[in-house]
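Please open the structure in a viewer and keep the sequence at hand.

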Amino acid sequence: MNGHAILYTGVTLAFWSTILIVGICYTIFDLGFRFDVAWFLTETSPFMWANLGIGLAISLSVVGAAWGIYITGSSIIGGGVKAPRIKTKNLVRYVSVTQRIKIYRILVKVFSNSFSGTTPETIGARNYQAGYSMFGAGLTVGFSNLFCGICVGIVGSGAALADAQNPSLFVKILIVEIFGSAIGLFGVIVAILQTSKVKMGD
Amino acid sequence: MAESRIHARGRLFSFILLFSVGLSSVNSTAQVPLLIWSTDSLPPLASPSAGHISSDQELAAYLRPVFASGRHTVLLFLQEKLSKDDLTRYGGVFGNKQDSAFKNLEAALRSSSSVTFPALEWRSPSAVTALLEAELGASPVLADPDTLSHLSIDTSVNNLLLINLPYCSDSLKSCKELLHDNDEVLGKVLSVVQTKGVPYISIFTGQQPSRVISESAVPQEKVGRSLLQAVAADVKPPIVFNSTGNPCIMLWAQNLNVSIPGTTGWTDLAAQTPNLTGSACSPSSSQLVLRYPSGHVLSFSMSQRFYPVSARNWFSLDTVELQMGGVTASYVGSRGIYAPAEYSFRCQSVNNFQDALLVMNSTNQSLSQWRLNFIDFQIQGFSLNNGTNFSYASDCASFFTPAIWMGLLTALLFLLIFLYGLHMIMQLNTMDRFDDPKGPSISVPQSE
């Protein structure tokens, strides 16, 4: 077993055994009533959820874009040794991927107000909805951009190499890339829908 | 064989008896050593057992035959204070003979025949002087080395010469130096008397002991181990409401502070004794009404029912009412004060102004200044089956606070992302699929 496998099995074992032992103790001492998911969801601040959503949106989109560029880039660099004409054409497409990070503008619009309550009653249901929706929207756009980026990257890598072999293939392969980009676009649209009616404030 | 065993037992018994007698005589321990030496030979004295304190009678019994024969000149060196400890401390007994402060005394004891009473029972400062006076029939004459040389001693009568020696005080001289000076005086006196050719009996003792160690055979304090921590104060009992003979509602609080505008400061209702009339108990609801002599009325209403999602009975403290002078303030507590019906509820701080568990029921502005602050509050309204003990206390404080949970969640998420990235980077490899070390190296075109 290499080092990675040992580390991951160790961490997994520790995690599950902690959960198991804590659960057993709670059950034995009839303290199961203390495990309260509703308490967790109402006591944790909507601000945390909203900010986690924004953070995940940006970071996962960037991961996707970076991963895609890394895959295509390595192919372009390799292919460009023998066919230098391929480099400019293939890098243009990555501008569109990073556009999707514009979702942050929409999120900031929702988030520009803040509430002043401290207990669940004074915070109000609308603020909780805002927090959870922004978390969900962030996850949506983040993950869809992540996979879109990977997809476009792999396809682009193949396109670059095909283009290096035969310049007429480039346009046809571009169509496949457009399908890949559409995934990211779906994610953005759904996230906008999630945060459309959402407003934080008193 | 049997006889020797009986003898041995008898000897053991007598030894134990003597030992206990010896122990019992140790009680009053003011003692002074007494040294006697003489130019003539002194009768021998059986050396006393260790720890034995000789009494005046013993000294008198010893000295009587000595003084009975002929006329004697007794030199009494009376140091203001003397104890055995002075002799051991300053006598050079720890191998440092040269530091001894009693060189002349030692020389005198060695050269003449001497007898010592290591511990003479001390009763009063003038006991020895009086004893000698009585035995000799002569009154003491104060002397010192200078006057002694001019004094002529009449050897046809008993003479008692008293030489007073000081003891260490807070003077400039150190104790050792002072005792050394005393020793010098002793030596001078002895030499003066010797040059006169007068036979003498010399006694060196103290007027009172310099150190008294109080011992007591009976222990005055309780012998045995006890806990060092302070005794815990008695805990006051809880307020118990009985219905049909059995306890039904129990309440305990360290403080039940209330503050009503118009009165200054906090009133601690827990310090007063309440009247429980008006309290009621039923399987589904309990009410505890506390009427205090100060006019405050505090009532707690609890209810219990079955909740299908968690499939158990829960009770909650629905309302807390404070009534004073005809005005009633009502607070809702059901949001935060609840517990399974089998358990009691306990919270360190139940108040209506900070992290409030009690929320005002009405919007009457004049009542918004009223303050309730219950400290170390525990209440149980149902399931009191085991007498006057509270059931398990479900505490209002959870193991992890919401803030801790939020921090843990975010931190774990970051950790996960970081580990993911780390794993990816660590498994990057350089591609070696097309490596051909033996083939021709690739040519890079210089132009597009």
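Predicted model: local features only at pLDDT ≥ 70, side-chain atom pairs only at ≥ 80, totals over all residues.

Residues are numbered from 1 along each chain as its sequence is written, chains are lettered from A and ligands numbered from 1 in the order in which they are written, and side-chain values use heavy atoms, with hydrogens and water left out.

**First stop: the interface**

Select chain A and chain B together. Here 27 residues of chain A are in contact with 32 residues of chain B, contact meaning heavy atoms within 4.5 Å. The two chains bury about 2,400 Å² between them, and 66% of that lies on carbon and sulfur atoms; buried area is the accessible area (1.4 Å probe) that two parts lose on being put together, summed over both. Next, select F33(A), R34(A) and W39(A), which supply 24% of the area that chain A buries against chain B, more than any other three residues.

Across this interface, 6 residue pairs are in polar contact (both at pLDDT 80 or more). A polar contact is a pair of N or O atoms within 3.5 Å; within protein, one must be able to donate a hydrogen and the other to accept it, and residues adjacent in sequence count only if both atoms are side-chain atoms.

**Second stop: salt bridges**

There are 12 salt bridges over all chains, and 3 between chain A and chain B. The term denotes a side-chain nitrogen of Lys or Arg within 4 Å of a carboxyl oxygen of Asp or Glu. Select R335(B) and E121(A), whose closest N and O atoms are 2.7 Å apart in a salt bridge. R335(B) is partly exposed, at 40% relative accessible area; buried means under 20%, exposed over 50%, and partly exposed in between (1.4 Å probe, protein chains only). Then display D30(A), R312(B) and E342(B), which are linked in a network of salt bridges.

Within chain B, select E121(B) and R123(B), a salt bridge with its closest N and O atoms 2.8 Å apart. E121(B) is buried at 18% relative accessibility, whereas R123(B) is exposed at 55%.

The structure holds 22 aromatic pairs over all chains. Rings of Phe, Tyr and Trp (its six-membered ring) pair if their centres lie within 6.5 Å; planes under 30 degrees apart count as stacked, over 60 as edge-to-face and the rest as tilted. Select F40(A) and W49(A): this pair is edge-to-face, 6.3 Å centre to centre with 85° between the planes. F40(A) is buried, at 19% relative accessible area, and W49(A) is buried at 8%.

Finally, select R305(B), whose charged end sits over the ring of Y307(B), 4.0 Å from its centre. The rule requires NZ of Lys or CZ of Arg within 6 Å of the ring centre and within 35 degrees of the ring normal.
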